[in-house]
Protein chains: 2
Amino acid sequence: MVGPSGDLPLRPREMRDRNRALVLDAVARHEPITRAQLAARTGLTKSSVSAIVGELLGAHLVVEQGTRRGGDLGRPGTELVLARDGLAGLGLEVNVDYLAACVVDLARRSRVQFVEGGDNRGRDPAAVAELLGRLAAAAVAAAATQGLTIGATCVAVPGLVDQGTGTVSHAPNLEWHGVALRRLLGDRVPAAHTPVLVENDANVAALGELWFGGGAALRDYVHISGKVGIGAGIVVGGQLFRGAHGHAGELGHTTLDPDGDPCMCGGRGCLELFCGQEAILRAAGLDPAAAAATGTGRADGPVGALVGRLEARDARALAALEAAGGSLGTAAASLVKLVDPDTVVLGGIYAVLAPWLSASFRRALLEGIPMTRAAPPRIAISTLGPDAAARGAAGLVTAGMLAHPDALLSDPARA
Amino acid sequence: MVGPSGDLPLRPREMRDRNRALVLDAVARHEPITRAQLAARTGLTKSSVSAIVGELLGAHLVVEQGTRRGGDLGRPGTELVLARDGLAGLGLEVNVDYLAACVVDLARRSRVQFVEGGDNRGRDPAAVAELLGRLAAAAVAAAATQGLTIGATCVAVPGLVDQGTGTVSHAPNLEWHGVALRRLLGDRVPAAHTPVLVENDANVAALGELWFGGGAALRDYVHISGKVGIGAGIVVGGQLFRGAHGHAGELGHTTLDPDGDPCMCGGRGCLELFCGQEAILRAAGLDPAAAAATGTGRADGPVGALVGRLEARDARALAALEAAGGSLGTAAASLVKLVDPDTVVLGGIYAVLAPWLSASFRRALLEGIPMTRAAPPRIAISTLGPDAAARGAAGLVTAGMLAHPDALLSDPARA
DNA sequence: TTCATTCGTTCGGCCAGCGAACGTATTCGG
DNA sequence: CCGAATACGTTCGCTGGCCGAACGAATGAA
């Protein structure tokens, strides 16, 4: 609210661009919807809405759905919906023990989803890019059979990303440092002529929760994404909070015990050492290394084995989860006090393990933020599977298309 | 970047409003500046700038400064500056051991500054409001002699604030809970007919740093405001980050030791117990209670006494600062990893104590964020005095006026 | 069938930014 | 000392885009 939000002048062209995005966004949120309803909802007049809808129809971003609106009096309106064919977003994910690709259409329906297990820890980035490129090609081909064209791509990685250059500066769990992922993928991803974003996996997983999970009603929340590493995606006012360099939400290396064991990051006593996937498995008496190649959070993976023991009421496993929940809750309390979210969402393996972990998590979280604020944060469990990040990445891409339809209009006069 | 930034339609009126704010902001940042320079800087054409400047002159937000631009060829332009008389913002501050009031003009020049010591801990809020009202009245009167009129007011308090209702929900160090401060002040502040905002003191102190301290070049930073309590103000992209309920940045009650002593907030082992003003004084062998009534950070106050001992190389005092810096650095490391600022600014008493505290602070901070990010945050020392929050509050008010000049135009047709 | 009602389109008006041309003020060079 | 060059600020006609009112179209109810 301080200072003009952008420092660019507003001219009739920009005015139109924003109103077009406004209308398109309203269609996305409330489809099917008629022109008259759009006018009421956006605050624009019917005439303006009609003109804008005409453009969107022309660009095939929106289609008329002949059916009429039931019930009321008077002439029925023609319903508008986002195009189910045409443009779509491609989301990719590199993680320690799997790769994923998915395609999401403008209406944020997931149309293609591929996951492929495999141990990428320490593997040559070029080799990983090669595999990911093949997976992406398969996803794009599958999307093409449904009439979908990829408009842009986003890759999620578990590490710190320089978004300007598309470089992974540090991904300790992959043992990647300074990997120019966008350039590596440029040659291999079929939609290479389209923009390729690189993002942190926890960030896009949080957005995945917003769009594909139970987060539709949420506006301000933190999504804790537990895998081999632990990241937090911070969403404020429906917008991702990235910090100055896009590195915000690095929860896994919060110091819990300054005198604790050394961590791969170089620090000591990091949260990951207490409740990262491997720490939990080890504490529960499972061998994380042997099981690493079979995929995070899948029923046949190491977490699946852990769930089996938990369901069998294995005492050591139950104790491990109890302890992990407590550590996680303590770290989350600090997070809540600094970032002030409305809700804390447990995602990744924590969603799978929530039945055994959430009680101690809640207790530690609430103990850490006593009385000082009016309402303690709500706690929610993510409903998304292991490819949350890939879907969030794809959704990020389609969200960008909805927010900037001006770039997609075919009218050559606008170039 | 995701979703339309606002969900209101843009019409010619809004276009004008934003361009007017753009021009006014450019005047504020670059005064003195001519119309032609404004056109170049904003991207608007000379004709549009002229029309807008005409409006701003009419509203007496901007004045022509007859002097010409020196040196270059061609006809000189007429310089424009923000009006030094006319509208101004009133900033007030309630803190544990003092009250402050200040008036800031549109150019963010501090025109009136009053500070009044006194122990407000546990004092009846109505009595404090009465005192603050008198201080405010004196400030407004002093401003009036300089031709200034108060357009709006902002009160800073060391606690959690519900900004919607202007209520202090929890201020442990004042022992205030659920105090309807805006209503209490409504009757007493002379500018009562103008809007009154209530804000957290650490938040506005951070903004004070931006506007009145060395922070002019900063865009993304965290300002750690040490007084009796400890708060962090988070600024991202030049904008204050408030979180979902305006409670973000609550650093003082970060848990350092889950098994530590109980804190007033109800938790245990909070940061404030390690490096709040009273903890430091006590560790240094001074009696915080006896000295509490004499004002934070002033040469004659308890911190002044501490500085005396430090300058005399008192071993106990030096050790206390060393330890406090370490604790603060550890907490700041978590903050940096979660919020990802560019710079960490030490403010409040930490600015005064920086010579004895910053080394251990830096060491602990950097130890806590090793290798994992490209560049560690810079560390800066605030140059503002104890009334940073009051000045930031006043600046917040004037910033609002600059960002929404439309509300200040006298043209009755716009009402 | 007729009327009320709502939908979507069309048309004139207006706001506001743009670009070009113009008058003006100043410096420079002859 | 005076014209040429340069830059500033204003004026004027044009255009993009939103608005409001009026109108034809489609439907249900009487």
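The points below concern the DNA surfaces, the contact between the protein chains, and selected local features.

This is a predicted model, in which local features require pLDDT of at least 70 and side-chain atom pairs count only at pLDDT 80 or more, while totals for chains, interfaces and linings use all residues. Residues are numbered from 1 along each chain as its sequence is written, and chains are lettered from A and ligands numbered from 1 in the order in which they are written. Helices (H or I, at least four residues) and strands (E, at least two) are DSSP runs numbered from the N terminus.

**Surfaces near DNA**

- DNA strand D is surrounded by 31 residues, a residue being near a molecule or strand if its C-beta atom, placed from the backbone, lies within 6 Å of it.
- The closest residues to DNA strand D are Arg75(A), Ser50(B), Gly74(B), Arg75(B) and Gly77(B).
- Helices H1 (12–30) and H3 (46–58) of chain A, together with H2 (35–42) and H3 (46–58) of chain B, each supply at least two residues of the surface near DNA strand D; the largest share, five residues, comes from H1(A).
- By class, this surface has 11 nonpolar, 11 polar and nine charged residues, where Ala, Val, Leu, Ile, Met, Phe, Trp, Tyr, Cys and Pro count as nonpolar, Asp, Glu, Lys and Arg as charged, and the others, Gly among them, as polar.
- Around DNA strand C there are 30 residues, of which Ser50(A), Gly74(A), Arg75(A), Gly77(A) and Arg75(B) come nearest.
- The surface near DNA strand C divides into 10 nonpolar, 11 polar and nine charged residues.

**Contact between chains A and B**

- In chain B, 61 residues are in contact with 61 residues of chain A; two residues are in contact if their C-beta atoms, placed from the backbone, lie within 7 Å.
- On the side of chain B that touches chain A, the elements giving two or more residues are helix H1 (12–30), strand E8 (167–171), strand E13 (239–241), helix H11 (315–339) and helix H13 (388–403) of chain B.
- H11(B) gives the most to this side, with seven residues.
- The residues of this side comprise 29 nonpolar, 23 polar and nine charged.
- Of the 25 residues of H11(B), 19 are buried, so this helix is largely enclosed by the rest of the structure; a residue is buried if 20 or more other C-beta atoms lie within 10 Å of its own, exposed if 12 or fewer, and partly exposed in between, with C-beta atoms placed from the backbone.
- Asp340(B), with a positive phi near 60°, follows H11(B).

**The five-stranded sheet of chain A**

- An open sheet of five strands in chain A has the order E13-E12-E11-E14-E15, with mixed pairing; two strands pair if DSSP finds at least two bridges between them.
- Its edge strands, E13 (239–241) and E15 (378–381) of chain A, each pair on one side only.
- Strands E11 (221–226) and E14 (343–348) of chain A run parallel and are joined by six bridges, with Val344(A) in E14(A) the bridge partner of Val222(A).

- Strand E8 (167–171) of chain A is mostly covered, since five of its five residues are buried.
- Three bridges join E8(A) to strand E7 (160–162) of chain A in an antiparallel arrangement, and Val161(A) stands opposite Val168(A).
- E8(A) also pairs antiparallel with strand E9 (176–179) of chain A over three bridges, where His177(A) is the bridge partner of His170(A).
- Each hairpin has four residues between its strands: Gly166(A) takes a positive phi near 70° in that of E7(A) and E8(A), and Glu175(A) takes a positive phi near 60° in that of E8(A) and E9(A).

**Two individual residues of chain A**

- Ala390(A), found in helix H13 (388–403) of chain A, is buried, with 36 other C-beta atoms within 10 Å.
- Beyond its neighbours within four places in sequence, Ala390(A) is in contact with residues including Gly91(A), Leu92(A), Cys102(A) and Ala156(A).
- Asp119(A), in the loop between strand E5 (110–117) and helix H4 (125–144) of chain A, is partly exposed, with 14 other C-beta atoms within 10 Å.
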